[in-house]
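Subject: Structure for you to look at

Hello,

Here is the structure I promised to hand over. Please open it first, then read the notes below it.

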Amino acid sequence: MNTIAAPAVALHEAANPPFGTYGQQIVQNAKALAHALLGRGYQLVTGGTDNHMLILYPQDWPLSGKACVEAGIITNFNMVPADPLESAATSGIRLGNQQ
């Protein structure tokens with residue numbers, strides 16, 4: 001029954017106006033994060049974001065998603081265009097914003 005109840009609750013929440021406002025705020029926050037990172041000289045794979053996530057491209061510094069995990073910083077690591085690292089290590093660091 002939980003496979004029926006969970007989508008029903010999610011659809012009920014999505015039908016309420018505060019849900020749309022919340023979603024818009026998440027995107028605004030992600031754009032602000034992207035803007036701040038770009039302002040500090042970091043590269044983003046797409047140059048910004050249109051949703052809740054962005055991918056840092058640490059091309060010129062010795063950092064990878066794998067290094068973040070090893071340091072206890074939980075992110076996703078993703079391949080980026082012309083990635084010099086193999087798929088198990090990858091250079092891109094994906095950040096997601098939920099609030």
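Predicted model: local features only at pLDDT ≥ 70, side-chain atom pairs only at ≥ 80, totals over all residues.

Start with helix 2, residues 17–39. At 1.5 Å a residue, its 23 residues should span 33 Å. The end C-alpha atoms are 33 Å apart, which agrees.

Four residues of helix 2 are buried: Ile26, Ala30, Ala34 and Leu37. An α-helix has 3.6 residues a turn, so residues three or four places apart point the same way. What do the buried residues of helix 2 pack against? Their partners are strand 1 (53–56) and strand 3 (92–96). By contrast, His35 also lies in helix 2 but counts as exposed, because its relative accessibility is 63% and the cut-off for exposed is over 50%. After helix 2 comes Gly41, with a positive phi near 95°.

Three strands make an open sheet in the order 1-3-2, with antiparallel pairing. Strand 1 and strand 2 (76–78) are at the edges. Each has a single partner strand, so one side of each has no neighbour in the sheet. On average, neighbouring strands are turned by 35° against each other, direction ignored. Helix 2 packs on this sheet and touches strand 1 and strand 3. The direction of helix 2 makes about 20° with that of strand 1.

The pairings in detail:

- Strand 1 and strand 3 are antiparallel, over four bridges. Met53 has Gly96 in strand 3 as its bridge partner. Ile55 is opposite Arg94 in strand 3.
- Strand 2 and strand 3 are antiparallel too, over three bridges. Asn78 is opposite Gly92 in strand 3. Asn76 is opposite Arg94 in strand 3.

Which residues of strand 1 are on its covered face, and which on its uncovered one? Leu54 and Leu56 are on the covered face. Met53 and Ile55 are on the uncovered face. In a regular strand the side chains alternate between the two faces of the sheet.

In soluble globular proteins, nonpolar side chains tend to be buried together. Here the largest nonpolar core has seven residues: Ala34, Leu37, Leu44, Leu54, Leu56, Cys68 and Ile93.

Next, the loop between helix 2 and strand 1. Thr49 is in this loop. Is Thr49 buried or exposed? Its relative accessible area is 11%, and buried means under 20%, so Thr49 is buried. The Thr49 side chain has two polar contacts worth a look. One of its polar atoms is 3.1 Å from the backbone nitrogen of Asn51. The side chain also reaches the backbone oxygen of Met53, at 2.6 Å. Beyond its neighbours within four places in sequence, Thr49 is in contact with Ala30, Lys31, Ala34 and Leu54.

At 45% relative accessibility, Gly47 counts as partly exposed. Gly47 and Tyr57 are ten residues apart in sequence, and their C-alpha atoms are 9.8 Å apart.

Last, Asn97. This residue is in the segment after strand 3. Its relative accessibility is 15%, under the 20% limit, so Asn97 counts as buried. What does its side chain reach? One of its polar atoms is 2.9 Å from the backbone oxygen of Ile26. Leaving aside neighbours within four places in sequence, Asn97 is in contact with Ile26, Asn29, Ala30 and His52.

If you want one place to begin, look at Ala30.

Best wishes

Conventions:
Residues numbered from 1 in each chain as written. Heavy atoms only, no water. Helix = DSSP H or I, 4+ residues; strand = E, 2+ residues; numbered from the N terminus. Expected span 1.5 Å × (residues − 1). Buried < 20%, exposed > 50% of the residue type's maximum accessible area, 1.4 Å probe, protein only. Contact = heavy atoms within 4.5 Å. Pairing = 2+ DSSP bridges. Axes fitted to C-alpha atoms, helices over the stretch in contact; angles between N-to-C directions. Core = buried A, V, L, I, M, F, W, Y, C linked by side-chain atoms within 4.5 Å. Polar contact = N/O pair within 3.5 Å; in protein donor to acceptor, adjacent residues only side chain to side chain.
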